[in-house]
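Hello,

Here is the structure we talked about. Please open it alongside this note, which goes through its charged side chains.

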Amino acid sequence: MLENLTSKIGNILGKIAGKTRLTEYDIKNLLRDFRKTLLDSDVSWTVIKHLLEKIREKLEKIEIVNKASPNDIFIKIVVDEFLDIFKNSRLDNCDKLFKDNIGLSTILFIGLQGVGKTTSLVKLANFIKYKCSKSVLVVSCDVYRPAALEQLLILSNKVNINCFSDYTITDSPLIIVEKAIKYSRLNNYDFLIIDSAGRSHIDNSMMQEIIDISAVSKPDYSFLVVDSMVGQDGIRSADIFCSNIKVSGFFLTKMDGDSKGGVLLSLSFLMKKPIYFIGVGENIEDISYFYPDRIVSRILGFGDLSSLMEEINNNIGFDKNSSINKNSIINFGLDEFKTQLKYIIELGGIEKLLDKIPGGYSVDKSLVNKFDNKFFSKMIAIINSMTIKEKKFPSLINGSRKRRISLGSGVDISDISKMLKYYEKMKKSFLKVGDEKSFLDKMKKKIL
């Protein structure tokens with residue numbers, strides 16, 4: 001979602017790269033380009049005005065110390081001001097958010113129809129159950145949308161989350177909530193997550209129903225789900241919800257989409273409430289706490305290595321005692337190469353990897369598209385069709401061996417030749433590292 005914004009800010013920074021000082025003319029052009037970029041990204045004018053005033057004020061007062069470049073100074077100012085925009089979203093000890101609860105805690109999900117509310121609810125339920133080791137029950141009190149309960153049942157069953165359904169079609173939303181709370185307490189659940197009904201637009205009956213559900217359930221957290229793709233409309237609807245209900249914070253969905261990103265920069269600042277979670281993909285596991293510093297890092301093109309390292313730790317599960325040293329690089333065979341390919345696939349593919357690596361946004365997308373998971377899976381299939389000796393000594397692979405491997409893996413002989421070239425390039429790049437650990441090992445060290 002942030003790719004376009006990141007690219008444009010990168011272009012702005014490129015214009016002042018190499019300058020030794022900033023003139024009034026430079027500052028004027030810099031802020032003009034910055035304003036245009038934020039407007040194009042659908043950022044609220046209130047937020048843009050605030051940002052520009054703060055940045056101009058600091059640029060005019062700043063003194064260059066220790067021969068710092070204007071580029072570095074501007075980046076430091078922008079980082080500080082972006083973080084200030086997200087000051088309401090700085091959650092203390094967010095990793096303990098759901099771990100220290102005592103007794104039954106309730107969470108209420110609210111939002112318009114189509115924002116991804118039910119899917120987000122199950123993502124959070126799965127997160128709390130497996131990341132926080134808590135028992136979770138989910139319930140739908142949407143009696144208006146056809147198959148609302150069925151959708152929740154299907155999604156929750158996929159990840160073994162219990163869904164309360166012991167009620168009749170004539171029960172009102174309030175009765176359903178009361179029954180679910182009673183059931184949760186009798187069965188000693190740690191959390192009850194309530195899915196309220198959404199509407200295509202906000203009306204008085206919808207708002208009153210949510211107010212009543214909130215009064216009955218007395219939620220510990222009320223999360224307003226906002227679609228990051230809707231732009232300023234999301235801000236307007238959030239304002240109405242926050243004016244009528246005690247909203248704890250926001251769950252921002254579809255962060256993996258191609259929206260302009262304006263709602264991300266505007267929501268927390270204007271509503272004075274934190275963004276708690278973001279949905280970063282279609283899978284149930286694609287949920288993350290909202291870390292302002294990581295988002296700012298991505299916006300400015302510095303990547304998000306902290307999130308990448310967490311994904312490596314969670315998805316790959318490195319052995320703390322393992323390492324890739326010079327000796328293992330010299331003996332880097334095709335089995336080791338296959339392991340590296342699997343790592344990339346498990347991390348969501350090369351595009352997701354580049355998204356979190358500094359400067360990754362600038363890589364030619366047409367090139368990235370050639371290296372999708374199908375490409376890596378094909379290379380893995382080729383390696384699986386080799387003998388143990390061939391994997392260890394790839395130089396043995398001649399024309400006749402390639403023909404046999406081609407039949408076994410179902411690929412062209414030319415694909416085998418390409419794969420071997422990629423393998424040799426990776427091995428050479430590892431050898432250049434010398435006694436240093438590989439890129440993945442460096443990240444593993446930071447994790448562990």
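Buried means under 20% relative accessible area, exposed means over 50%, and partly exposed lies in between (1.4 Å probe, protein chains only). The areas come from the Shrake-Rupley method, and for residues only the protein chains shown count as cover.

Two notes on the source. This is a predicted model, so local features need pLDDT of at least 70 and side-chain atom pairs count only at pLDDT 80 or more, while totals for chains, interfaces and linings use all residues. Residues are numbered from 1 along each chain as its sequence is written, and side-chain values use heavy atoms, with hydrogens and water left out.

Salt bridges

A salt bridge here is a side-chain nitrogen of Lys or Arg within 4 Å of a carboxyl oxygen of Asp or Glu. Side chains of opposite charge can pair when their charged atoms come close. The whole structure has 14 salt bridges. Helices (H or I, at least four residues) and strands (E, at least two) are DSSP runs, numbered from the N terminus.

Lys58 pairs with Glu81, at 2.7 Å from N to O. This pair links distant parts of the chain: Lys58 sits in helix α3 (residues 45-61) and Glu81 in helix α4 (residues 70-85), 23 residues apart. Lys58 counts as partly exposed because its relative accessible area is 34%. Glu81 is at 4%, so it counts as buried.

Lys117 pairs with Asp195, at 3.2 Å from N to O. Lys117 is in helix α5 (residues 117-131) and Asp195 in strand β4 (residues 191-195), 78 residues apart. Both ends are buried: Lys117 is at 8% relative accessibility, and Asp195 is at 1%.

Glu390 pairs with Arg401, with the closest N and O atoms 2.8 Å apart. Glu390 belongs to helix α18 (residues 388-392) and Arg401 to helix α19 (residues 399-409), eleven residues apart. Glu390 is buried, with a relative accessible area of 0%. Arg401 is partly exposed, at 28%.

There is also a network of salt bridges, which links Lys8, Lys36 and Asp40.

Surface charge

Which residues form a positive surface patch? They are Lys54, Lys87, Arg90 and Lys272. Patch residues have over 30% relative accessible area and no salt bridge, and like charges are joined within 9 Å. Lys and Arg count as positive. The charge is placed at NZ of Lys or CZ of Arg. Lys272 lies in the loop between α10 (262-271) and β7 (275-279). Lys272 counts as exposed because its relative accessibility is 53%.

Best wishes

Conventions: Patches are made of residues with over 30% relative accessible area and no salt bridge: like charges are joined within 9 Å, nonpolar side chains (Val, Leu, Ile, Met, Phe, Trp, Tyr) within 5 Å. Accessible areas come from the Shrake-Rupley method with a 1.4 Å probe; for residues, only the protein chains shown count as cover.
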